Structure formats: structure tokens, C-alpha cells
Amino acid sequence: MADALTYTGSDFYCDVAIPDPGALDVVHEDPSVLAFHHTRPFWEVHIVVVPTRHIASLTTAGPEDEADLRALLSVVQQIARDVEQEHGAAAVLTNLGAYQDSKHLHVHVHSGARC
């Protein structure tokens, strides 16, 4: 497995995270969705939620992705609820285009100060 801290490819989730979730600090895992603490966090609390099936981004998702998107959003909602209850606040964010380093749909749930 590639080292999560030195990975330089274009799809960290398909290449590293999904094939070997045991190397991550997993928050949630089921056949459709993986959520884990970010390997290079930007905030004090920083969890990434991804569909296990490759979807390039929110703007490329189509009708065929509906079940995966519903599963993803359900997990995002639960994790955001948990973070908000524990830390008093939570933000939910996804990046697109040039802002999206890994070309696989992923949602950040975060709270606290920037690291």
C-alpha cells in the first residue's frame, strides 16, 4: 500500500483508502461508504466521507449514482450530527474542479481551529 502521507496520485480513495481501510482511523465502513479521520487534517476534527464506488465528483454524478449518493449523504449527516454534538459545531464541505486534489467524490466534515 502507498503511504498515505506521501501519496502523489490522482485518486487517493480508490488507490489507498478503500483497498486498505485498516491502515486508517475509520469512523464508519459499510459496502457503500467509508469515513475516516483525514490522514493530513486541516482542522482539529477532520473526517472524510467517500463512496466506495468511484464517482469523480458531485458535479459529474448522474442518475446511476443515486443510491450511492443517498448512502453517502446519510453517513455525512450522522457524522456531522455526532461532531456537532461533541464539539458544538460542524461544517460540511466538498471541493470541485481545481480545488479537488483527489478526483473521487469526497465530503469533509470538520470542526475546530485550522491545524
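**View 1. Surroundings of serine 57.** Serine 57 touches Leu96, Gln100 and Leu105, leaving aside residues up to four places away in sequence; contact here means heavy atoms within 4.5 Å. The model shown is predicted, so local features need pLDDT of at least 70 and side-chain atom pairs count only at pLDDT 80 or more, whereas totals for chains, interfaces and linings use all residues. Residues are numbered from 1 along each chain as its sequence is written, and side-chain values use heavy atoms, with hydrogens and water left out. Serine 57 lies in the loop between strand S3 (43–51) and helix H2 (66–87); helices (H or I, at least four residues) and strands (E, at least two) are DSSP runs, numbered from the N terminus. With a relative accessible area of 5%, serine 57 is buried. Buried denotes under 20% relative accessible area, exposed over 50%, and partly exposed the range in between (1.4 Å probe, protein chains only).

**View 2. The polar contact of serine 57.** The side chains of serine 57 and threonine 59 make a polar contact at 3.1 Å. Such a contact is a pair of N or O atoms within 3.5 Å; within protein, one must be able to donate a hydrogen and the other to accept it, and residues adjacent in sequence count only if both atoms are side-chain atoms.

View 3. The whole structure contains 3 aromatic pairs. Phenylalanine 12 and tyrosine 13 form an edge-to-face pair, 5.5 Å centre to centre with 85° between the planes. Rings of Phe, Tyr and Trp (its six-membered ring) pair if their centres lie within 6.5 Å; planes under 30 degrees apart count as stacked, over 60 as edge-to-face and the rest as tilted. The pair of tyrosine 13 and phenylalanine 36 is tilted, because the ring planes stand at 50°, with the centres 6.3 Å apart. This pair links distant parts of the chain, 23 residues apart: tyrosine 13 belongs to helix H1 (residues 12–17) and phenylalanine 36 to strand S2 (residues 33–37). Phe12, Tyr13 and Phe36 together form one aromatic cluster. Phenylalanine 36 is buried, at 1% relative accessible area.

**View 4. A charge over a ring.** Arginine 114 lies over the face of tryptophan 43, 5.6 Å from the ring centre. The criterion is NZ of Lys or CZ of Arg within 6 Å of the ring centre and within 35 degrees of the ring normal.

**View 5. Two cysteines.** Cysteine 14 is partly exposed, with a relative accessible area of 30%, while cysteine 115 is exposed at 65%. The count of disulfides is 0, a disulfide being a pair of cysteine sulfur atoms within 2.5 Å.
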